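Please keep the sequence and the model in view while reading.

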Amino acid sequence: MTNARSRHLVSGAMIGLTYLAAALATLPLLFILFHLLVKGASSISLAFFTHMPRPVGEPGGGMANAIVGTLILIGIASAIGLPIGIGAGLHLAEKKTTPLAHTARFLADVLNGLPSIVMGIFAWEVLVRPIGHFSALAGGVALGAMMIPLVTRTTEEMLLVVPTSLREAALALGYPKWRTSISVVLRTALAGIVTGALVAVARIAGETAPLLFTALGNQFWSTSFREPIAALPLQIFTYATNAYDELHRLAWAGALVLISIVLVISLAARFVTRSRFGAPVD
Amino acid sequence: MTSLPVDWLEKEKDRRTLRVDASAFSDKVYEALTAACALVVPGLVIAIAVAVFAAAWPAFAKLGLSIVTTSDWDVAAGHFGAAPAIFGTIVSSAVALIIATPLAIGVAVFLSEFSPTWLRQPVGFLVDLLAAIPSVVYGLWGIFVLIPLLREHVMPFLRDTLHLGATPFFRGPAYGPSMLAAGVILSIMALPYISSVSREVLMAVPRSQREAALALGATRWEMIRDAVVPYARSGIIGGIMLGLGRALGETMAVTMVIGNRPEISASLLAPGYTMASLIANEFSEATNDLHLSALMAVGAILFIITLIVNAGARWLVWSVSRKRAQ
């Protein structure tokens with residue numbers, strides 16, 4: 001009897017510990033968001049978005065060039081990562097068991113776990129060293145290469161959810177295979193694919209390490225693909241590791257803007273899928 | 001029955017063959033295009049390997065294994081021993097896993113077994129969101145919030161109040177930027193990866209497994225320990241290895257909090273270096289070709305290590321989902 005009681009006590013205690021673990025695991029996020037709001041919000045003004053960085057000592061100044069730079073880098077990365085990733089996803093979903101599909105699926109997962117700094121070294125060796133200078137294009141390529149495996153796997157997963165009967169119906173109506181894939185299967189899975197694309201964009205938007213080797217950062221206004229370009233994460237890194245309090249404040253403000261961009265994209269990704277799969281199916 | 005004119009029949013046949021031919025051709029083009037896209041993935045892996053090793057080659061040729069085995073990193077003297085950075089990568093990742101693993105598995109068990117339904121979504125979402133925070137933001141938070149907290153409270157508490165200072169692991173002055181700070185930041189960053197994979201494999205454990213354990217008189221904890229976790233074990237280990245892969249290669253946050261000092265110290269309170277932070281920190285001020293190439297060699301070693309860890313992790317997770325499919 002006492003044995004049974006002690007066993008139930010242990011059980012209750014362990015279950016309690018899992019509650020504690022859940023509470024502890026949610027704390028860091030709340031802490032980080034809290035500090036970002038407290039320390040970042042006070043330094044955010046309209047000037048932060050519209051002005052260029054000023055030399056230390058001069059009050060004011062913003063990160064207009066870094067915000068635009070980050071948007072340009074995201075644009076280049078998406079132009080590379082999305083079409084290739086979606087194409088590869090289509091192939092994996094349609095030719096499930098070929099050697100190429102198996103290899104690509106496995107290596108896409110492995111690439112997803114590769115340190116981003118290695119991607120930076122790759123882009124530097126291929127696009128910076130031979131050309132002789134850092135560039136926005138090299139940064140975009142590094143980020144785009146990171147997007148490919150992510151988009152590939154999410155696209156494949158979303159396509160596999162589409163019922164085979166839909167594909168068969170289209171083929172029976174005389175559609176060629178490619179039209180079936182694109183205007184029936186891909187369209188049905190569109191919401192899920194958009195979600196995957198948004199998640200990939202959110203992930204690369206905050207990447208810093210690959211940009212150290214490629215985009216480099218730029219104090220001045222530049223939108224040229226062939227010149228070094230400023231980026232929000234790089235600017236935060238530079239300011240945070242600097243000695244001046246004023247720059248620390250700007251770093252917090254930049255981080256608040258960056259996290260807002262990332263969270264808005266992440267929430268949008270959730271919303272897109274929910275409104276689709278949440279709707280009653282008839 | 002009227003017969004159709006022969007020439008019309010011939011024409012119609014030609015027209016139809018042409019259409020079939022055209023769609024067969026466009027199907028071929030479509031398949032070739034998507035296959036080319038799929039080929040990009042293995043191509044990328046090969047290209048990365050070639051590029052990284054090409055950049056590292058001069059250092060490997062000149063310095064050989066001394067990059068891995070010696071611990072003197074002195075750019076001016078031409079000594080490039082990355083042992084302290086390799087040591088730091090391993091120690092900081094180990095600290096991260098020691099902190100993150102029990103927490104992550106606790107969260108996963110909570111979410112898959114005990115959580116009230118209304119809590120499941122928000123808690124899962126908050127933990128998953130940790131993976132979406134950019135590493136530079138973790139670094140910023142680490143410098144201005146975590147490090148002061150560790151220096152003023154946690155480190156003195158561990159060293160003096162708990163008398164852990166008597167062991168070599170918590171000896172010496174509390175600087176702030178340290179191996180411990182890197183480990184703690186990495187544990188927060190690895191947590192969502194471990195917990196989301198663990199949660200998935202726990203949820204894949206069949207109901208019958210749980211019901212059988214309960215029917216035999218097990219308490220709910222004994223059910224988890226004896227019937228659920230063993231079933232999902234290799235998947236959970238895969239999740240831990242994924243988290244390890246993250247921790248090994250994490251760059252910005254670690255560079256910002258670890259102190260960047262190339263020395264091997266047993267104390268977690270002392271500053272250290274990791275392979276990734278060494279590359280990130282010295283790349284922009286690399287003075288000569290050998291220095292640059294030595295950094296790339298460190299990158300090549302990191303690439304190989306993370307490749308092995310990630311491939312192993314994926315293989316373990318896959319072996320679980322295959323078991324489920326059968």
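In this predicted model, helix 3 (residues 64-94) of chain A and helix 9 (residues 190-205) of chain A have axes that come within 10 Å and cross at roughly 140°. An angle over 145 degrees would count as roughly antiparallel; helix 3 of chain A is therefore oblique to helix 9 of chain A. The crossing of these two helices is right-handed. From helix 3 of chain A, the contact draws on Thr70(A), Ile74(A), Ala77(A), Ser78(A), Gly81(A), Leu82(A) and Ile86(A). Helix 9 of chain A contributes Ile193(A), Ala197(A), Ala200(A), Val201(A), Ile204(A) and Ala205(A). Sorted by class, this contact comprises 10 nonpolar and 3 polar residues, with no charged ones.

Chain B has a secondary structure of 11 helices and 2 strands, and along the sequence the order is α-α-β-β-α-α-α-α-α-α-α-α-α. The radius of gyration of chain B is 28 Å, whereas the globule rule gives 20 Å for 326 residues, so chain B is more spread out than a compact globule. Along the principal axes, the C-alpha atoms of chain B fill a box of roughly 105 × 70 × 35 Å. Buried residues account for 49% of the 326 residues in chain B. Of the contacts in chain B with a separation of 6 or more, 76% join residues 24 or more positions apart.

Between the chains, 71 residues of chain B are in contact with 70 residues of chain A. On the side of chain B that touches chain A, helix 1 (residues 6-63) of chain B gives the most, with 21 residues. That side of chain B divides into 52 nonpolar, 15 polar and 4 charged residues.

Notes: Residues numbered from 1 in each chain as written. Chains lettered and ligands numbered in written order. Predicted model: local features only at pLDDT ≥ 70, side-chain atom pairs only at ≥ 80, totals over all residues. Contact = placed C-beta atoms within 7 Å. Helix = DSSP H or I, 4+ residues; strand = E, 2+ residues; numbered from the N terminus. Nonpolar A, V, L, I, M, F, W, Y, C, P; charged D, E, K, R; others polar. Rg over C-alpha atoms; globule rule 2.2 N^0.38 Å. Buried ≥ 20, exposed ≤ 12 C-beta atoms within 10 Å, placed from the backbone. Axes fitted to C-alpha atoms, helices over the stretch in contact; angles between N-to-C directions. Parallel < 35°, antiparallel > 145°, perpendicular 65-115°, else oblique. Left-handed = near helix turned anticlockwise from the far one by under 90°.
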